[in-house]
Amino acid sequence: MTTATANKVKAPKKGFKLDRQMIPTLAAVVIFLLMIIMGQALFGTYIRLGFISSLFIDHAYLIILAVAMTLPILTGGIDLSVGAIVAITAVVGLKLANAGVPAILVMVIMLLIGAVFGLLAGTLIEEFNMQPFIATLSTMFLARGIASIISTDSLTFPENNNFDFIANEIKIIDNPKISNDLSFNIGVVIALIVVIYGYIFLHHTRTGRTIYAIGGSRSSAELMGLPVKRTQYTIYLTSAILAALASIVYTANIGSAKNTVGVGWELDAVASVVIGGTIITGGFGYVLGSVLGALVRSILDPLTSDFGVPAEWTTIVVGLMILVFVVLQRAVMAVGEKK
Amino acid sequence: MTDKTPIVVMKGITIEFPGVKALDGVDLTLYPGEVHALMGENGAGKSTMIKALTGVYKINSGSITVEGKPQSFNGTLDAQNAGIATVYQEVNLCTNLSVGENVMLGHEKRGPFGIDWKKTHEAAKTYLAQMGLENIDPHTPLSSISIAMQQLVAIARAMVINAKVLILDEPTSSLDANEVQDLFKIMRKVRDSGVAILFVSHFLDQIYEITDRLTILRNGKFIKEVMTKDTPRDELIGMMIGKSAAELSQIGAKKSRREIKSGEKPLAEVKGLGKKGTINPVDLDIYKGEVVGFAGLLGSGRTELGRLLFGADKPDSGTYEFNGKQVNISDPYTALKNKIAYSTENRRDEGIIGDLTVRQNILIALQATRGMFNPIPKKEADAIVDKYMEELNVRPRDPDRPIKNLSGGNQQKVLIGRWLATHPELLILDEPTRGIDIGAKAEIQQVVLDLAAKGMGVVFISSELEEVVRLSDDIEVLKDRHKIAEIENDDTVSQATIVETIANTNVNGKEA
Amino acid sequence: MAEKAKEEGNALVKKLLSNNLTWSIVAFILLVVICTIFQHDFLALSWNDNTGGLAGPLITMLQESARYLMIATGMTLVISTAGIDLSVGSVMAVAGAAAMQSLSNGVNVWVSILIALLVGLAIGCVNGALVSLLGLQPFITTLIMMLAGRGIAKVITSGENTDASAVAGNEPLKWFANGFILGIPANFVIAVVIVILVGLLCRKTAMGMMIEAVGINQEASRMTGIKPKKILFLVYAVSGFLAAIAGLFATASVMRVDVVKTGQDLEMYAILAVVIGGTSLLGGKFSLAGSAVGAVIIAMIRKTIITLGINAEATPAFFAVVVIVICVMQAPKIHNLGAEMKRKRALKAQAKAVAA
Amino acid sequence: ACGSSSAGGSNDGKKTVGFVAVGPEGGFRTANENDIKSAFKDAGFDLVYSPTQNNDQQKQIQAFNKFVNDEVDAIILSSTEDSGWDDSLKKAAEAEIPVFTVDRNVSVKDADAKKAIVSHIGPSNEWAGQQAAEFVNKNFPDGANGFILEGPAGLSVVKDRGTGWSDKVASNIKVLESQSANWSTDEAKTVTAGLLDKYKSENPQFIFAQNDEMGLGAAQAVDAAGLKGKVKIITIDGTKNALQALVDGDLSYVIEYNPIFGKETAQAVKDYLDGKKVEKDIQIESKTFDAASAKEALDNNSRAY
Ligand SMILES: Nc1ncnc2c1ncn2[C@@H]1O[C@H](COP(=O)(O)OP(=O)(O)OP(=O)(O)O)[C@@H](O)[C@H]1O
Ligand SMILES: Nc1ncnc2c1ncn2[C@@H]1O[C@H](COP(=O)(O)OP(=O)(O)OP(=O)(O)O)[C@@H](O)[C@H]1O
Ligand SMILES: [Mg+2]
Ligand SMILES: [Mg+2]
């Protein structure tokens, strides 16, 4: 009997299995490198150490948000509240810092506030059947509203009670010219840790695998006896807490914040995730792709400005570049599928 | 027997859905070390009973005790934790993940750094091997294996949990004889280790082969619990359908072969039709009024060939003549326009449109051929829906229910009705009797014969060689994605002939 | 007999309670009540000789709701196919810009309107082509179009907020947004007529069913002979066209396009309206009537904010609270609360009986 | 390509200036940025323009840091926010790139960062708010009721214009309600219609709209309610459309927020790079208009925007 089965089941072709899902992410790597090379060839500043340094330092927050956004998107959900959570945690954080609460405690409180919004989103989704898009849209409005009720001032850290230690740049290579310095700060380190955490979480924990399963088919995941509900809570809690973390890194970096910070960041994060090869309907994708997506997204703006694109055209060009990107990805994938 | 203490006792289980009482005071008792079958027609409530036990549905009244403890599970996770492993009727796996991941989901082997993938895949391999899938690399994407193999993967997954109760809802409906034997071997092993197995199947042979005890349901009501060996078939059938077995329509003898007149043009004449990687070029003639059976083992390419004939996949070689005309069947729409219809084996993903009503599901293909802006007049639509629900005995006879709320077998009947409504000249049926109860199976087989008698060309794909042999005029035998033989089905041909052909012919058509 | 009547009554109540539309209407009435408490003449209507129509808070609310009705209708169809159209707000701006710019360049008003509608349709077609032919994901495709659309509006007006209020002969367009038909705001009447037309088109032909089929199970639909690509293309095109009408309503109301503000964030409102109306973002069954009620509720929420004099700072939070309350009211868990408790009690009693 | 040369065209000897801008938003903003761009072009600079989206300060910071990195010769900063620039300015100081803030001043704590800023060029928002208050004081010596239409909550322009108003407004002037209309004509119309309904009995007599766009919307609502002329509308910015409306009697008073200071900015940059001394604060004069002066301004076609 078993022999009969054996002879008809052929081993699948080698190499096929791994590549197909990786292709969009690999495409992101290639295109990112191409963009850097193009920038360098035309404008000569894109491989300066200073440029690379500030690419990471200025976008540590976006990398964190992209990782945060990857989780809900992998399940076919979305978290639209991340930008607003950055705003509310930043406003509360700075208020507290100005009231003399020690910086470390302020950070803990910021993370807790993030957690509260994550929990609220999770509850609305799991207990009241709201779709993630709507639930997090509501928490987005709520967070932004509360932030502006608390304060619409531009808040700055007091002199001796701030998050400077996160922002202070550590120079690895200190050239006489700042544009040739290679530096990083704790914010970048935090982003790096978040990325590693995201990778381990998604690929080496059962909760992470459940996230992929939910993205494949929620009802299947439920019937397979996976802890779907708990996982959903975990996802929205994690993404909200990571948004609060992004807020800490961002406010530390610029030393000030206000209620309007983070408008539209959720869409930047979604764009990063998608550019990185994660499918918006869930099930496929990688954290590392999202990180690359964030870098690609970040480099679009300087490119348009260097190309001297007329003001009215900038958003069109940015849109077109993302479009070219996803179309290319699609083409690469189509070729991969044919093979 | 009775000295054993039962492991699961369900008493007076009642479940109501809006408008239907799916279960009405049903009892079920499972004993360790026994295979217990739930018997009943399509829609009798078997799957619902299983879902009540595992907490998918909430019960309206009744009690469930597992190992003496009253339980009300809040979902399959709880049931699993209590030692109940379940394979549901529709394959419920994640097509975005690999085979190995699906087997081990939630039970991945862990090392110091979280999941240890090497160990996990090794474990997956052993479980797959148990199901006769030793040659499938656990890294293979689930989406690339056939629905039948997915069924085996789902069973392998159930093995991972060291269960005290194993529930298998129609696990054999898409397997061929070999796989069924493999599965039974495992079931016996598991049973002998003291596990209680709950089994659902519409194949009486299988029931008598593997089960110890039966619980019979009819229309959501508990009829009787009996020991298998004490219950003759007739009596069992009688209890299931509520009338005597003799009244059941039976298709006895093998169909006599339709003679092809010399010079007669085939309805469909296919030359060198193939698609790289799925099926090698095939020549095929199908005449009006002829039933052509496709036989072969799991993954031999029967489905793929059927899909090419329907244009569900685009062929990359070959010519296709239909009704004497050269046609280019590039998509299902063109196929339907040319009066070719195809009923899929993958009911859930490619068949039913779950949230639409039964009525809409029956009408939709006909509507699509008429075009969006040419709606079927209400009267005509009502007549069509009535006709096919009646003819195929769809239960409940309520056309306005979402099709996803029908039992598996009834969904299948609705789908067949959908294709008949388009009045095809060539009807390709891929596993049409899968999950259909014994009564309805005979009815569907009769429908096939009637259609052929009226001049329709029928392609009949089934894993049950018995029905292929009984219904077909010609049998195309496939192996490893090649057509290896074409057998004219006369009285000398039997199941054994085909099995021999498969075993003894290699893909070049030569004797092995 | 009486028993049966009562049972039937109960069934009806149950059906009503589990219907999203019921809860949307309840929410709407609640908002009106709240407004009336704050402003006693909220429901009062008067005749305004200046405009030749009714005047009063409800009338301005209806006037504003016209644009939401348009984009919510298009959005409903798109969402039904399991897609999403984030570009409607930007399309409004583009269409408005096209109309205002051509008007102020001396183009005839009717031609201007036509240009605006065609531009919206064209953008919708591009969305549709990208989604259906190239198979791009709707979310990202329309997100790109949302970005690019703003740019296109700016290119059309060279970054200005073109004002056509003083252009001679602009009356027909002005009338669309500000005029009255039998005392009722013309734009509201037009919007309702269009919604009804779309509804008839969907339900009297097979279009609605096919859109739903594609949204529920695209592969299965393809196997029935439906061409999902055509359907996808169609819904995005319709959505673009209706967004252009909404853009005309929004800009003609003041005869001025604001390249940044016109239609800003309105895609979110449209999605909210659709969901409040009972169409799932996962696609499938849709209800245009539900979306229409949803659209009016959105206008009503905004009216409530003005009426209650809620601070600018607090408006988003207020909005969020109202939306959450409506969605929670619609949650099956809440409707079934009574039945669920009864069921649990019964089971408990049974368990006790068994134990005893 | 590396080394001392800067991003743009230092190969042809032109100086490169980076412009961290807000982006075209119509009205004031477009006029302002176009003016700066053309003024720098006329003055022989190479201007690299970098707008943001949604008033997002983060994108501005990124652009600023990129300019520092590109080693441009000077940076023009038209910031969306007044704080949060310390780190970037410090980098500019280290790279010895002079920074000129335009329109909105930035507040800086760090001493190093302060050094980077050479000069601020722009009109005053508080002044504009004060003018509005004074107009109302003068017109309604016996007191009056009215509304304020604000921009989006939290922008510093909104605050500054509001502060200017409160600083000067007389105690018998009562603001019945302040509502945000998001700088938008269309929203202002809806909001105003609602407010007029709600406060019919309070007899509102003025509306202070924080920009022209909203003022024009308010005017239409007032007109529709049959109150044209009875409610005085005051706006800030001074676009042509607003002046025309002023002439037509739809508006009552327009306070200019003069966007035309490209020449002054270019001059300041040039002077500084030539080693001349530049004033720390270059205030741009703005005017106020009533119907008569508006007509005059329109007639002699002196308005560029
Ligand atoms: N979710 C549901 N909502 C409404 N009715 C349902 C639902 N699920 C099942 N039913 C109804 O309950 C009855 C029992 O269905 P069930 O699936 O248990 O049948 P079954 O015995 O498994 O049949 P089959 O052999 O065809 O699988 C059917 O009449 C079906 O229509
Ligand atoms: N040895 C194999 N290993 C992995 N996948 C296979 C193998 N053989 C077939 N498949 C896949 O399974 C499917 C088999 O083709 P097909 O469905 O036509 O077979 P079949 O003869 O209809 O058998 P059944 O429907 O019973 O599975 C195809 O999708 C093919 O890619
Ligand atoms: Mg069943
Ligand atoms: Mg098959």
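Let's start with helix 9 of chain B, where Arg302(B), Thr303(B), Leu305(B), Gly306(B), Arg307(B), Leu308(B), Leu309(B) and Phe310(B) are buried, buried being under 20% relative accessible area with a 1.4 Å probe and protein chains only. That makes eight of the nine residues in this helix (residues 302-310), so helix 9 is mostly covered. Just past its end, Gly311(B) takes a positive phi of about 80 degrees. Helices here are DSSP runs of H or I with at least four residues, strands are E runs with at least two, and both are numbered from the N terminus.

A word on ground rules: this is a predicted model, with local features needing pLDDT of at least 70 and side-chain atom pairs pLDDT 80 or more, while totals for chains, interfaces and linings use all residues. Residues count from 1 along each chain as its sequence is written, chains are lettered from A and ligands numbered from 1 in the order written, and side-chain values use heavy atoms, leaving out hydrogens and water.

Now for ligand 1. It is surrounded by 21 residues, with Gly43(B), Lys46(B), Ser47(B), Thr48(B) and Gly409(B) the closest; a residue is near if one of its heavy atoms lies within 4 Å. Here are some of the polar contacts, meaning pairs of N or O atoms within 3.5 Å:

| Residue | Atom in the residue | Distance to an oxygen atom of ligand 1 |
|---|---|---|
| Asn42(B) | polar side-chain atom | 2.9 Å |
| Gly43(B) | polar backbone atom | 2.7 Å |
| Ser47(B) | side-chain N or O atom | 2.7 Å |

Taken alone, ligand 1 exposes 640 Å², and the protein buries 91% of that (Shrake-Rupley areas, 1.4 Å probe). Strand 2 (20-30), helix 1 (46-53) and helix 14 (408-420) of chain B each supply at least two shell residues, and helix 1 gives the largest share, three residues. Ligand 1 lies between domain 1 (8-252) and domain 2 (288-504) of chain B, because both give residues to its shell; the bounds come from an automatic or database domain assignment.

Then there's the greasy part. The largest nonpolar core has 312 residues, and those with the most contacts inside it include Phe133(A), Leu173(C) and Phe64(D). A core here is a set of buried Ala, Val, Leu, Ile, Met, Phe, Trp, Tyr and Cys residues joined through side-chain atoms within 4.5 Å. Helix 3 (residues 49-74) of chain A brings the largest share, 15 residues.

Finally, Lys441(B) sits in helix 15 (residues 438-453) of chain B and is buried, with a relative accessible area of 10%.

Note on methods. A polar contact is a pair of N or O atoms within 3.5 Å; within protein, one must be able to donate a hydrogen and the other to accept it, and residues adjacent in sequence count only if both atoms are side-chain atoms. Buried means under 20% relative accessible area, exposed over 50%, partly exposed in between (1.4 Å probe, protein chains only).
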